[in-house]
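Please consider the sequence and the model shown below. The paragraphs that follow lead through the chain as a whole and then through selected parts of it.

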Amino acid sequence: MATKINEIVQRVPRNSPLFSSWLAEKGIDRKEQTSYVRSGWIERIGHGVYKFSGATPTAYSVISAYNSQLSKKCHIGASSALDLRGYSHFVPMGKPTAYVFTEENTRIPEWMSAGDWDMTIKHYSSAIFGTDGLGLETITNDGYDLLISSPERAIMECLNMTPVQYSLMDTYYMMEMLTTLRPKLIQQLLEACSSVKVKRLFLYMSEKSGHQWFNALNTDTIDLGSGQRLLTPGGRYISRYQMTISQELADYE
């Protein structure tokens, strides 16, 4: 029996969780899984999920295994995706946060979001870019394959979470760093995006930042909706984009 678990040890990274259904597909049925728990090979960390004894799963190893072993499409987005690309802006106080996204009306298991990992997992479900995975990419981080938002999509996810999760100034500071975005992908994302707020803020901030790629965008094919948007009561009205933003952002140079 030890031969089977040794094959799994060789197949997955040490700190990767092990899902019961995946183990069964690899020839280790529920009865054998229970035997491995009793013999100390593996430990339960949630309903239908284990870890190697002595292993320390991380937030990203959990997300990677969740996707690869269960064929899910959970992705790391917003500022977490930017951090993974080296666009670090925030210096976390205490435990950092991993912003994780799924399709609209799709949840992640409670043991996953409530687990005591190296990062706090915050889950959001959204379909503002449709359901075809536009702007998602796979990278390898510490030996784990991670589905993450491209920088182009990640900054738009940040804008969608403004001002609840990020302030307008926080998102603008991130925008300033994004000097090498791909205008073709930006164009596709803006045309697919269903959030008028995101599209108006993105265009305003990218133009204000003076990024060269902004000049390559065709704004005529981007639907900016109608009517005014009040993002900051008592702020500055930007007539070109019909929205009221914070005075701090409007005055920032």
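What percentage of the 253 residues of the chain count as buried? The share is 45%, where buried means under 20% relative accessible area, exposed means over 50%, and partly exposed lies in between (1.4 Å probe, protein chains only). The model is a predicted one, in which local features need pLDDT of at least 70 and side-chain atom pairs count only at pLDDT 80 or more, while totals for chains, interfaces and linings use all residues. Residues are numbered from 1 along each chain as its sequence is written, and side-chain values use heavy atoms, with hydrogens and water left out.

The secondary structure of the chain comprises 11 helices and 11 strands; helices (H or I, at least four residues) and strands (E, at least two) are DSSP runs, numbered from the N terminus. Along the principal axes, the C-alpha atoms fill a box of roughly 70 × 35 × 30 Å. Among contacts with a separation of 6 or more, 64% are accounted for by residues 24 or more positions apart, a contact being heavy atoms within 4.5 Å.

Strand S7 (residues 136–141) and strand S8 (residues 144–149) run antiparallel and are joined by 6 bridges; two strands pair if DSSP finds at least two bridges between them. Asparagine 141 stands opposite tyrosine 144 in S8. The hairpin has 2 residues between the strands, and aspartate 142 takes a positive phi near 55 degrees there.

Arginine 85 belongs to the loop between helix H5 (78–84) and strand S5 (97–102). Its relative accessible area is 33%, so arginine 85 is partly exposed. Leaving aside residues up to four places away in sequence, arginine 85 touches Glu137, Ile139, Ile148 and Pro151. From C-alpha to C-alpha, arginine 85 and isoleucine 139 are 9.5 Å apart in space, although 54 residues apart in sequence.

Two helices form the next contact. Helix H7 (residues 151–160) and helix H9 (residues 183–192) pack at an angle of about 40 degrees, with their axes 9 Å apart; axes are lines fitted to C-alpha atoms, for helices over the stretch in contact, and angles run from 0 to 180 degrees between N-to-C directions. H7 and H9 are therefore oblique to each other, since angles under 35 degrees count as roughly parallel, over 145 as roughly antiparallel, 65 to 115 as roughly perpendicular and the rest as oblique. Glu152, Arg153 and Met156 of H7 meet Leu185, Ile186, Leu189 and Leu190 of H9.

In helix H8 (residues 168–177), the buried residues include Leu168, Met169 and Tyr172. The buried residues of H8 pack against H5, H7, H10, S11 and helix H11 (247–251).

An open sheet of 3 strands has the order S9-S11-S10, with mixed pairing. Strand S9 (229–230) and strand S10 (236–238) stand at the edges with a single partner strand each, so one side of each lacks a neighbour in the sheet. S9 and strand S11 (residues 243–245) run parallel, joined by 2 bridges, and leucine 230 has threonine 244 in S11 as its bridge partner. Helix H10 (residues 196–209) packs on the sheet and touches S9, S10 and S11, its direction making about 65 degrees with that of S11.

Aspartate 223 lies in the loop between H10 and S9. With a relative accessible area of 55%, aspartate 223 is exposed.
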